[in-house]
Structures are given as C-alpha cells and as structure tokens.
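Here is a brief report on one structure. Keep the sequence and the coordinates open while reading.

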Amino acid sequence: MTTKTADSVSGPFVATRNACKLCTPLGACLAFAGVEGARTILHGSQGCATYIRRYMISHFKEPVDIASSNFSEHATIFGGRDNLRAGLANVTRQYQPEVIGIATTCLAETIGEDVGMYLHEIRNHPSPDDPAIPPVVHVGTPSYCGTHAEGYLATVHALVSQLAEGGSHHEHINVFPNMFSPADLRYLKEICADFGLPLTLLPDYSDTLDGPTWEEYQLIPQGGTPLAAVRRTGQARSSIEFTCVHGEKASAGEWLEERFGVPNHRLPVPIGIQASDALFDVLGSICGSETPARHAAERGRLIDSLIDGHKYLFERRAVVFGEEDLVAGIVGLLGELGVDPVLCASGGDSGRLRSAIARMVPDRADRIQVRQATDFADLEELAGDLKPDILIGNSKGYWLSRRLNVPLVRIGFPIHDRVGGARMLHVGYRGAQQLADRIVNTLLESIQEQSDEGYSYL
Amino acid sequence: MISVLEQRASQIHQDGNSPFAMDCEKHSVAGSVSQRACVFCGSRVVLYPVADALHLIHGPVGCAAYTWDIRGALSSGPQLHRMSFSTDLREKDVIYGGEPKLYQALVQLIDHYRPKAAFVYSTCIVGVIGDDVAAICRRVEAEKGLSVLPVHSEGFKGTKKDGYQAACTALFQLVGTGATDDISPLSLNILGDFNIAGETWLIRNYYERMGIQVVATITGDGRVDDIRRAHGAALNVVQCSGSMTHLARMMEDKYGIPSLRVSYFGLEDMSRALYEVADHFGDGQVQQRAEELVRDEVAAILPDLRRYKKVLSGKRAAIYTGGAFKAFSLVRSLRTLGMKTVLAGSQTGNREDYRLLRELCDEDTILVDDTNPLELAKFVQEKEVDLLIGGVKERPIAYKLGIGFCDHNHERKIGLAGFEGLRQFAREVHSTVMSPVWRLVPRRRRQLAASQANSLSTENLRPSCAGECSACDLPHCNIPAGQEILL
C-alpha cells in the first residue's frame with residue numbers, strides 16, 4: 001500500500017486508479033532533454049523509452065529521441081552490462097552526442113544494476129570497435145520510488161554533482177527551475193538578462209522541446225545548457241532553485257553550496273505575485289539593483305487587471321492537482337485572486353504538500369483539503385461533494401471535468417488535448433497574468449453558458 | 001549527415017537491383033531508438049478493448065499511467081476498460097513482494113466495479129521479484145467466482161509480438177466457456193479489429209448485411225460473454241494477423257474453426273475480405289449480398305475519391321506501421337489515390353510479409369524493419385516525400401521537415417477502415433498534403449515552388465462539389481465479385 005502521510009486519508013483503494021503522477025524516469029528524460037547535445041538512454045526494457053517518448057511527444061509536439069539499452073530475458077538474468085555498452089556505442093555512432101544521460105528503470109534497479117561500475121569498466125576497457133564515448137551522467141530513477149517530479153530533480157542533481165567543477169567564483173548565477181514549460185524557461189532567461197545577470201539555466205529545454213522547423217533533420221535539436229556551463233555551476237556566485245516540497249538531499253543548489261560554497265536560494269515555484277516578488281527580490285539582492293522597469297510595469301499591469309477580474313473570482317471554489325510544487329504555486333496565486341482552493345491533490349507523496357500550501361496561504365490553509373499519493377478516481381469521489389467552480393491542472397483532469405461538468409484550466413504537463421502546452425506561461429508576473437486571465441475568462445464563460453439570457457456584455 | 005548503424009543495415013532494403021534478402025524478427029539493437037514498445041504493450045493493446053473486464057496492471061505506476069485512455073477503441077456499453085488500474089508497487093513491495101498488494105487490490109476492485117472478468121498484467125519487475133501472479137489469480141477467481149486471468153507480459157521477455165501471444169493465451173482461457181446453441185452456421189468472429197473510432201461496428205454491419213451472424217468481436221467493443229462463446233462461430237476472420245493469428249490457431253486446433261486473414265483498409269482489401277468470407281460459406285445469397293454491398297458502398301465513395309485523386313496524383317508517401325499487413329493495404333490505398341509509396345516498413349513484419357511488400361511496391365521503394373527516427377528522417381528526406389503515415393512517435397519527424405502526416409495508429413480518433421474509412425483516409429491525406437502551411441516552411445518552399453501550378457488550389461475540393469469530375473480516371477463502380485478493383 002502506498003505510504004500515506006498524516007495529510008492523506010484518501011480512498012481505501014489499494015490500487016491506484018487513474019494515476020495523478022507519472023513514473024520517475026520520465027522526469028529524468030525531461031531534464032536530460034535540456035542539456036546541449038545530450039542524448040538519453042533508459043537502462044531497461046524497450047517499452048519504457050517508447051512510452052515516455054510517446055507521452056512527451058504528445059505534449060511538446062517535437063521529436064523526442066530516447067534510446068533504450070533494450071533488456072532481453074538474458075540481460076535480466078545475467079545483467080545489462082553488454083546492453084549498456086552496445087547502447088552507449090550505438091547512440092554515440094548515430095547521434096554524436098556531447099553528453100549521454102543514463103537513467104535506470106525499475107527493472108534495472110530491481111536486478112541491482114551498478115551503472116557506475118559498468119561505466120567505469122567501459123571507460124577503462126573500451127572495445128576497439130566502439131567509438132569514444134562522450135561524458136556520461138547517470139541517475140538512478142526506479143519508478144517504485146517517487147514520481148516523475150523526483151526523477152526530474154534527481155537528474156538535475158546528478159548533472160551538477162557529476163559534472164560541476166569548483167574554482168574561483170564568477171559573475172554568473174545558476175537557476176535550477178522546476179518542471180516548467182519551454183515558455184517559462186525562455187521568460188526566466190529574459191528576466192535574468194534584464195537584471196544583467198549572466199545565467200546558467202539547468203536544464204534548459206526551451207529550444208530543444210519548442211523549436212522551429214528544420215532545413216535538414218537534426219541529430220539532436222539545437223539548444224540546451226552547454227556542458228561547459230554545467231561544469232561552471234560550481235563557480236557561480238549564487239544558485240536559485242524552485243521547490244518547497246523536495247528535500248535538501250535531492251537539491252542541486254544545496255549540493256553546490258555544500259561542495260563549492262555557492263550560496264543557494266530555495267524559493268517556491270514563482271507562480272503568483274508574491275512568489276514572483278520573492279524571485280525578483282533575490283535577483284535584485286544578488287546584483288544589487290531594483291527590478292528592471294519593464295518587469296515592474298508588467299507587475300503593475302497585472303495588479304490592475306486583477307482588480308478588473310476580482311469580483312468574478314472571489315470565493316470561487318477550485319480543485320488543483322498535479323505535481324506538488326506546481327500545486328503549491330497555484331495555491332499561492334489563487335490566494336491572491338480570492339479563489340478558494342478547496343481541494344489540493346497530487347500523486348506525489350513528499351509529505352510536505354500541506355506545509356508548502358500553508359506557506360503560500362497561511363491564513364486559510366486549514367480550510368483546504370490536501371491529498372497526497374492520490375489518484376484521479378479518488379479525486380472524482382472527493383471533488384463532487386465540494387462543488388467546485390473550476391479545476392486547475394493538466395489535461396488528464398479532463399475526465400474529471402467532464403464528469404463533474406466543471407471547467408478545466410489546463411496547466412503544466414501533460415497537455416495532450418490542446419496545442420500549445422509548450423507555450424503556456426506559468427511563472428513570473430507574465431505567467432501570473434496569463435493564468436489569472438485564463439481563470440477569470442473560464443469562470444466568465446461558464447457564467448455565460450449557464451445563463452438563460454446569454455448576455456454578450458458581462 | 002545521418003548514418004545507418006552497421007547492425008541495422010540488413011534490416012533495410014534500398015537497392016531494387018540487388019537480390020532481396022531482408023532481415024527481420026530480431027531483438028531491437030540496444031541504443032537504436034526503436035519505435036517498438038515491449039511485451040506488456042503488445043498484451044495491453046490487444047486486451048484493452050474488452051470493455052466489461054477489469055484490467056489491472058501489476059507493477060510500478062508507469063506502465064498503467066502511459067496506457068491510460070490513449071487509444072481510440074470504443075465501447076457500445078461499459079467503459080471499464082478506459083480506467084487505468086495499477087498496483088503501483090513501491091520500494092517496500094519490491095523488497096517484500098507484491099502479492100499481498102495484488103490480492104487486496106484485485107478483491108477491492110472486483111467488489112467495487114463488478115467486472116465480468118479480470119486481466120492481471122505482469123510488468124517487468126513482477127517477473128524478477130517472483131510474485132506468483134497465477135496463484136493469486138486462482139485464489140481470487142475461487143473466492144469471487146469470476147475468471148481472473150494472468151497475462152504474462154513482463155516487458156523484457158521478448159517483443160510486442162510475444163505480448164500479443166500472452167494476450168491470446170489469456171483470451172483463450174475464456175473461449176469455450178459459454179453457450180453456443182443459438183449460433184447460426186453462417187457465423188463468424190471478427191478477430192484483430194479494435195473498434196478504433198467505431199471500425200468494428202462498421203465491419204460488423206457489413207457482415208450482418210450479408211446475412212452472417214457475428215458471434216464475438218475480439219477485441220474491439222469486446223465483451224467477456226461473447227468471447228466465452230466464440231468457439232461456436234463457423235469462421236474466424238482475422239485482421240491484424242500479427243496479434244491474433246495465435247488465438248485463431250489455438251481455436252482451430254481445439255475447436256476446428258478455420259480462419260481467413262483479411263484487411264479492412266482500402267477498396268481492394270475491404271472488398272476482397274467480404275468476397276472471401278462469402279465464398280468461404282459458398283452461399284449464393286450471401287455472395288450476392290456481398291456483391292451488392294460492395295457495389296453500393298464503392299458507389300457512395302467514388303465521387304469523393306475521384307476528386308481527391310485528381311489533386312493527390314503523383315504525390316509521394318512513406319509508410320511505417322506496427323504490423324506489416326496494414327502496410328500492404330496502405331500501399332494499395334495510396335495507389336487508389338494516385339500516390340506512390342517510396343518507403344514502407346513495419347515494427348514487427350516477418351520475412352514473408354516483406355517479400356510480399358517487395359512484390360507490391362515499386363522497384364525503388366525502400367523497405368525498413370524495426371527502423372528508428374534517424375533512418376526514417378534520412379529516407380523521407382532523400383525520397384522527398386509529401387506524406388508520412390505512422391503513429392504519434394513518427395509525427396514530429398514529418399512535421400519538423402515540413403511533411404504532411406496521417407495517423408494510422410490506434411491512438412487515432414478517426415475511422416479509416418471499411419469503405420467509408422477509405423473516404424476518411426483520403427480526406428485525412430488530402431487535408432495534410434494539400435495544406436497551405438507547407439508553403440510557409442523554408443525546406444518545402446523550394447520543393448513546392450516546382451510543383452506549384454494547380455496542385456495547391458483546393459477550390460475544386462469543397463464538399464459542395466458533389467458532381468462527377470470529368471477528369472476522373474477511376475473505374476466505374478459496378479465491380480463484379482472476384483474481380484480486382486484496378487484503378
């Protein structure tokens with residue numbers, strides 16, 4: 001039975017019914033996709049790579065090539081050493097990557113594969129027929145531990161802890177985002193540029209998973225954090241990372257602080273005004289300057305627009321679901337809009353969702369039902385009684401939306417039933433603006449649709 | 001520059017002049033980004049449409065999460081198949097064993113959802129940690145009084161094809177357990193159609209119009225009780241032979257039911273399927289109804305096909321499918337539309353499939369087995385195709401290069417089988433090949449500039465234009481039985 005935290009007394013079902021989470025290696029694939037010239041190998045059965053590719057392609061609508069070491073029965077019994085060696089060689093031959101990421105699957109972890117040892121052997125005893133292997137970063141991502149969110153963070157941690165080099169500190173800062181959209185990542189780069197701060201954003205899949213068409217097929221899509229920049233994360237003047245549910249152990253920023261004395265700022269995901277303020281304040285304090293004028297102006301317009309919409313929002317009831325950090329971030333925004341998050345749910349099970357929510361909305365946290373390690377079937381049974389006005393989460397909530405006849409505002413990952421998931425903004429003032437507009441307009445639309453009169457003037 | 005891996009070279013046939021010798025049915029090369037999935041995937045796709053069964057996936061959550069509600073297999077009644085149930089094994093379960101959790105999960109779900117049967121899929125690690133899934137299934141079956149069928153689908157145990165076999169083995173345990181007294185001698189089971197966008201309903205309707213009773217549809221819009229009495233049918237008609245031949249063979253061995261291998265895609269294959277079924281029964285009335293049906297259905301779609309053909313003629317297509325049998329039909333369907341297949345391949349074809357494909361295609365058509373994104377990209381570029389037909393994983397390869405795409409996989413929500421399906425297929429192909437969007441794509445601008453002329457005008461294809469096209473070179477629709485529909 002899934003470990004239930006004190007917060008979660010979700011349904012008595014032992015089985016997970018319509019999971020509100022994905023498996024750990026998916027997060028690893030997403031993070032590796034944001035490294036320049038990187039290719040990923042999933043160490044396990046072919047299906048894991050194929051399923052995850054299909055899932056990511058359906059959201060990003062871009063090529064997502066993930067190789068597999070392709071376990072057979074033989075490899076499962078005798079170990080996947082030869083498969084990994086062949087996989088590394090073939091990926092190198094075909095893609096000429098600058099770095100290879102290896103993430104394990106539950107199969108490899110269960111049979112006790114020691115990828116680190118294999119890599120050591122492959123490096124020290126290269127086969128004469130095989131090409132020279134580029135740098136390799138490996139991460140253990142058994143899907144029976146954590147969710148895709150943990151897989152993502154563990155991979156960022158692995159990239160930094162296996163590649164970062166120390167040395168004298170330079171001007172640049174590190175930003176370790178959460179599972180943000182490509183549009184979010186582009187915007188974060190823009191913000192830092194406007195502060196005049198040289199930046200290493202890791203990972204950065206803003207181009208690799210949201211790019212233009214090609215004149216010629218690219219072996220690896222252009223973009224991503226350069227390997228050299230990943231190495232220099234140990235020489236940054238500061239790190240900023242966005243999570244309030246995941247422990248320090250999994251944190252790339254904490255690791256760099258401890259190892260190389262790079263001061264780390266742990267912030268909640270910057271969704272909503274206060275959380276965005278926290279980001280702008282930290283950036284300002286790092287470089288000793290005010291928020292750049294155009295961002296201050298954006299903030300001003302955002303607040304002005306919230307006034308326009310506030311009456312449609314006040315005490316409206318929302319159900320929020322998705323990754324724990326994302327849910328906590330959205331709750332922060334809803335608190336500013338006057339919307340009541342009546343139920344906050346995640347398939348994740350960090351045990352910290354309630355405290356993260358309390359941090360975002362201290363005055364109303366005790367009125368919010370919080371469910372961790374939950375699934376969509378539990379959610380459906382709970383949400384009906386709560387009479388929500390709006391659902392906020394990924395497109396897997398569409399079933400819920402349809403059954404409860406409550407509109408869904410699509411955010412996060414995956415968005416499988418609309419185009420533009422990659423272009424959706426969540427973070428910063430601009431993200432808050434887009435989310436707030438979409439939430440208000442969704443509520444207006446449902447008022448309009450439920451009205452007998454059907455006014456076109458609201 | 002894209003190169004082909006040495007180990008992959010024997011699975012590609014590029015040279016029309018060299019003797020044909022193509023390797024296939026091999027384990028995918030490690031590090032090659034195979035478009036295949038795994039054993040579990042094979043079982044899951046075959047069993048998924050059984051709508052009144054409980055489908056419990058025993059393992060960590062991924063296998064269940066990635067297969068939740070992604071397929072277009074419709075049900076006319078229960079929707080239980082669309083729920084994704086997982087034992088969601090955690091670390092503790094992996095260490096101490098997942099049997100207690102599986103038992104509890106099964107009992108609870110059966111009590112709550114009251115399914116007609118339950119399928120329990122083993123995923124990779126279940127085989128490794130040694131859970132005795134079959135024993136748990138037997139126990140729950142005895143306690144709950146319904147069939148609880150283990151599906152031995154550990155991902156690493158082979159390829160998708162082995163998953164099909166595991167699914168067939170599970171289904172076969174149901175066959176032969178239901179009453180057959182009201183079944184006509186003119187009866188059949190539809191095997192290997194999964195009711196994507198209602199395709200099984202369409203096919204069933206054809207057979208019923210011919211006066212043939214359809215006993216069980218396996219597994220499109222499938223029901224446990226129908227499968228139980230499938231052994232009472234006089235004939236198994238097998239589409240998607242890769243997945244269902246195993247079941248048909250077991251039914252032939254045990255119950256003496258013969259089988260026919262068919263395809264429901266395209267004018268020729270669809271017509272041939274109906275004629276062959278009619279001929280199998282040798283009943284004059286059935287044969288006559290089949291002829292009438294084909295004549296009426298073809299007549300209904302010919303005007304549209306003519307219009308599409310007029311603009312699509314000469315366009316070049318690449319095909320990559322799961323099973324090879326579908327590729328045959330697609331080559332023919334494209335030919336119906338005047339299009340040329342310059343690349344064809346499949347994930348799971350066998351030697352005989354590729355030999356047939358070789359005969360069916362042109363001399364210079366490239367054939368690929370278990371290909372990968374880079375090879376596909378290489379060949380669609382070299383061959384300057386206008387269209388790629390495949391599944392979601394192939395789609396971005398086409399789009400990145402400014403090439404049209406048609407989804408012919410089970411995730412699609414548009415019916416492409418039967419006569420009406422061919423019209424839909426033509427519309428799909430037309431809507432992507434002729435879209436003005438390609439004129440904006442730098443890579444295609446050059447190519448298209450050459451063939452501009454009238455081909456980009458879609459004016460004459462408005463649905464309102466229902467009249468006969470004078471430029472039509474399609475045959476008259478009155479096709480006598482047994483005669484091939486040559487276009």
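## A strand in chain A

I41(A) stands opposite A67(A), a residue of β3(A). The model is predicted. I41(A) also faces I102(A) in β4(A).

The pairing of β2(A) with strand β3 (residues 66-68) of chain A is parallel and uses three bridges. With strand β4 (residues 99-104) of chain A, β2(A) pairs over six bridges, again in the parallel sense.

## Burial of the strand

Strand β2 (residues 38-43) of chain A has six of its six residues buried, so it is largely enclosed by the rest of the structure. Both faces are covered. A38(A), T40(A) and L42(A) are buried on one side, and R39(A), I41(A) and H43(A) are buried on the other.

## Domains of chain B

Chain B is assigned domain 1 (39-172), domain 2 (187-290) and domain 3 (301-461). The C-alpha centres of domain 1 and domain 2 of chain B lie 27 Å apart. Between these domains of chain B, 20 residues of domain 1 contact 20 residues of domain 2.

On the domain 1 side of this contact in chain B, α1 (39-47) and α7 (160-172) each supply at least two residues. The largest share, six residues, is from α7(B). That side divides into 13 nonpolar, four polar and three charged residues.

## The largest nonpolar core

The largest nonpolar core has 297 residues. A118(B), V120(B) and V380(B) touch the most other members. Helix α12 (residues 284-312) of chain B gives the largest share of this core, 10 residues.

Beyond its neighbours within four places in sequence, V380(B) has contacts including A318(B), L343(B), V385(B) and I403(B).

Conventions
Residues are numbered from 1 along each chain as its sequence is written. Chains are lettered from A and ligands numbered from 1 in the order in which they are written. This is a predicted model: local features need pLDDT of at least 70, side-chain atom pairs count only at pLDDT 80 or more; totals for chains, interfaces and linings use all residues. Domain bounds come from an automatic or database domain assignment. Two residues are in contact if their C-beta atoms, placed from the backbone, lie within 7 Å. Helices (H or I, at least four residues) and strands (E, at least two) are DSSP runs, numbered from the N terminus. Ala, Val, Leu, Ile, Met, Phe, Trp, Tyr, Cys and Pro count as nonpolar, Asp, Glu, Lys and Arg as charged, and the others, Gly among them, as polar. A nonpolar core is a set of buried Ala, Val, Leu, Ile, Met, Phe, Trp, Tyr and Cys residues joined through C-beta atoms within 7 Å. A residue is buried if 20 or more other C-beta atoms lie within 10 Å of its own, exposed if 12 or fewer, and partly exposed in between; C-beta atoms are placed from the backbone. Two strands pair if DSSP finds at least two bridges between them.
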